[in-house]
Amino acid sequence: MTRDLLWVDSRAGLAVGAGMFALSGLLSAWFGLPRELLWIMGAANVGYGLYSGWLFTRRHRPRGAIVALVVANAAWALGCLVAAVHFAPVATVFGVLHLAGEGLIMGSLAALEWRARDALATGQREA
């Protein structure tokens, strides 16, 4: 299950990032958020997806690479929550919910990956 965490992180990041790019015009209007912000979010999600996917393919992963992923996910979570507060006066409810939701999901993912960091680094599977 632990190794699958990187697979889920990768696929989710790639899917959300691709969706942001493909639907940025529609989502900008629906969320009440600048299209540029959605492009940045899309690029960040694709970057996370590629990085966690690269880690997933490795049999042995440097512990520092796992910690870097956790720190990046935690920083992104915080950034999303800050953006939700910052854009709350101009964004729609859907935009604020998206930002806050992504922040909560990424924070949860960072916590799970932190808890499993040793197993992720060695490629072990935990129940």
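At what angle do helix α3 and helix α4 pack, and how far apart are their axes?

1. The model is predicted: local features need pLDDT of at least 70 and side-chain atom pairs count only at pLDDT 80 or more, while totals for chains, interfaces and linings use all residues. Residues are numbered from 1 along each chain as its sequence is written, and side-chain values use heavy atoms, with hydrogens and water left out.

2. Helix α3 (residues 63–87) and helix α4 (residues 93–115) pack at an angle of about 160°, their axes being 8 Å apart. Axes are lines fitted to C-alpha atoms, for helices over the stretch in contact, with angles from 0 to 180 degrees between N-to-C directions. Helices are DSSP runs (H or I, at least four residues), numbered from the N terminus. α3 and α4 are therefore roughly antiparallel (angles over 145 degrees). Their crossing is left-handed, meaning that the near helix is turned anticlockwise from the far one by less than a right angle.

3. Residues of α3 that meet α4 include Val 67, Asn 73, Trp 76, Cys 80 and Phe 87; on the α4 side, Val 96, Glu 102, Gly 103, Met 106 and Trp 114 are among them. Contact means heavy atoms within 4.5 Å. By class, the contact of α3 with α4 has 19 nonpolar, three polar and two charged residues. Here Ala, Val, Leu, Ile, Met, Phe, Trp, Tyr, Cys and Pro count as nonpolar, Asp, Glu, Lys and Arg as charged, and the others, Gly among them, as polar.

4. The axes of α2 and α3 come within 11 Å and cross at roughly 160°, so this pair is also roughly antiparallel. The crossing of α2 and α3 is left-handed. On α2 the contact includes Leu 37, Met 41, Asn 45 and Tyr 48, and on α3 Ile 66, Leu 69, Asn 73 and Trp 76. The contact of α2 with α3 has 14 nonpolar, three polar and no charged residues.

5. Asn 45 is found in helix α2 (residues 35–57). At 3% relative accessibility Asn 45 counts as buried (under 20% relative accessible area; exposed is over 50%, partly exposed in between; 1.4 Å probe, protein chains only). Leaving aside neighbours within four places in sequence, Asn 45 is in contact with Gly 13, Leu 14, Val 16, Gly 17, Trp 76 and Glu 102.

6. The count comes to one salt bridge, defined as a side-chain nitrogen of Lys or Arg within 4 Å of a carboxyl oxygen of Asp or Glu. Asp 118 pairs with Arg 63, the closest N and O atoms being 2.1 Å apart. Asp 118 lies in helix α5 (residues 117–122) and Arg 63 in helix α3, so the pair ties together parts 55 residues apart in sequence. Asp 118 is partly exposed at 45% relative accessibility, and Arg 63 is partly exposed at 40%.

Notes:
Helices (H or I, at least four residues) and strands (E, at least two) are DSSP runs, numbered from the N terminus. Angles under 35 degrees count as roughly parallel, over 145 as roughly antiparallel, 65 to 115 as roughly perpendicular and the rest as oblique.
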